[in-house]
Amino acid sequence: MATVKKSKKGKIIFIVCIVLAVVAAIAAISVVAAQSKVPSVTLAEIGTGDIVEDINATGTVSAGAVKTYSAATVANCKDVYVKVGDRVKKGDKLATFSTEELDGQIASMQASYNDSKSAYYTSLKNQKENAAKLKSVNKQIAPLEKKLKQLEKANGATQPNNEVKASGGSSVKSDPILPGSGSTAVTDIADDLAGVVETLEKLTETINSLSDDITTTNAITREVMETISEELKKGTYSPEAIAKAAGDAMSEAIKKGLIDETKLIIDSGVAVTAVETAVKSVDWEGIGKSIANSDNVTYTSTQLQLASLYAQRELFSVGASKTALNAQKQAMNATKTALDTLRRTQSELSAGWVSTIDGVVTEVSLEPGMQTSALQTGIKVENLGDLVVTISLGEYDVHKVSTGMKAEITTAYGKYTGEILSIAPTATGGSSSSLLDNVGSMAGVSGLSSLTEKGAGVECVVSVDQPDANIIAGFEANVQIQTGSYNAIPTVPIESIVLEKEGSYVYKYDEEEGTVTKTKIEVGAHSDFAYEIKSGLSVGDKIVSTPGQDYTEETFKVKVK
């Protein structure tokens, strides 16, 4: 029997065919898998269209005219002529009051105003006088300081660590050592000179204790210091003489009204005695004797004059300051404002409350015989026949709206026409949220950010034409404002736009490459269905009609349905 042998060559060919078939199958599967990963998209072509742009917002209906009547002070109510729900005409009497108690308040406030006014003008006069005297004292100090330096230079005097600080921070130099003079007379008065300056400062403290009124203490200090200065210039060094001169000057100033004795804490005679005692405590004779025996009388006398002038300069500097004057002016103005308010309130209450508008009484919190309160609303009248809707406009929409624009108001029971009456000059409610308002603007809804905790909005008041019983104050209404009409402009469907914080985007199609690329565009006017294209796209361009939410690449292949 013949045996048939299998060919090795055929076996190999069979195996190769199987391998090729497997490879082909794998390749086919890979192609299918790769194709399945390419997004399928529907394209839209950019064309032209018409856009009627409007803004929608929800607001609250309220009376167009509201008048609230309240008293700025306490008064007795005599009669109340209305109750909640009453309809009133302009000129109708609402309530009357008794104002006798206000007479005493006004008289007391008038007296306070007169006192504060008098005090202010007295202070103003004193301030001007002190400023003039300060200027005069400074003129006297300058040449004396120059003279003192010349005397020091002529005598070769050096005075380290022996300065006496005068009032106002100036220095009065003491204890000059005069080489070659062989005399210690000037040195002997060093302690006396320091004591003069210190005593003048303590004397000012004594005078300040005589009155709590700065004007009065300034007047006393001025009279006393000027008298001491004049006596020293004349060469009078007797403590009794200087004290008597100071006391006489103060008494004369009281007699002439230059010093108001009613402002003194103690009796005027006791005050004069206190000043005389303080002045007499200075050993003016010892100082005078030291000066007389000094080899340099001119030098030491000059120092004494400067000590007195420094004390006066400190006094006049305080008196010339406008700080106290401004405080008294503010007090006077505040008293005048309070007085005017009381008088105006008395006039209004004496005439009684009269309605200034036609409307309905919506609040009454007064009864005959009860007292009014400054914190209480007495009567409120609202013109419910003149209704408005108050809405909030976001930052993307407020610039599109202007007064006089027509609006459509929609409630649960009907539609009404109206127009923009007013737009607030500033936003309220917090910091604006651009992204939120942009989203709202895309959807044609304004003021979304003003509804959030941090949002801001601009208040806009819209009138309601011919309101009827179906539109009720306190309820909400939708307002639609037509802001513009645009014809034959490039438009993009609103669903084709991807809104991000940085701006608006579309996915533009490249027919040659079969890819789409994320492209930023600038949009303008919009409707419920489309946006105006200002830049980034042209008529004839193709874009993804409805972009997916899972796109992660800027450019990628797509399969067009």
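What follows is a short exchange about a predicted model.

Biologist: What makes up the secondary structure of the chain?
Modeller: The chain holds eleven helices and 22 strands.

Biologist: Why is Ile379 called buried?
Modeller: The cut-off is under 20% relative accessible area. Ile379 has 0% relative accessibility, so Ile379 counts as buried.

Biologist: Where does Ile379 lie?
Modeller: In strand S11, which covers residues 379-393.

Biologist: Which residues is Ile379 in contact with, leaving aside neighbours within four places in sequence?
Modeller: Contact means heavy atoms within 4.5 Å. The partners are Lys67, Thr68, Tyr69, Val82, Leu94, Ala95, Trp353, Val361, Glu363 and Val364.

Biologist: How far apart are Ile379 and Val84, in sequence and in space?
Modeller: They are 295 residues apart in sequence. C-alpha to C-alpha, Ile379 and Val84 are 9.0 Å apart.

Biologist: What share of the chain's contacts join residues at least 24 apart?
Modeller: 77%, among contacts between residues at least 6 apart in sequence.

Biologist: How do you know that the span of helix H10 agrees with its number of residues?
Modeller: The expected span is 1.5 Å times one less than the number of residues. H10 has 29 residues, 323-351, so it should span 42 Å. Its end C-alpha atoms are 43 Å apart, which agrees.

Biologist: Which residues of H10 are buried?
Modeller: Leu325, Met332, Thr335, Leu339, Leu342, Thr345, Gln346 and Leu349.

Biologist: How much of the whole chain counts as buried?
Modeller: 40% of its 561 residues.

Conventions
Residues numbered from 1 in each chain as written. Predicted model: local features only at pLDDT ≥ 70, side-chain atom pairs only at ≥ 80, totals over all residues. Heavy atoms only, no water. Helix = DSSP H or I, 4+ residues; strand = E, 2+ residues; numbered from the N terminus. Buried < 20%, exposed > 50% of the residue type's maximum accessible area, 1.4 Å probe, protein only.
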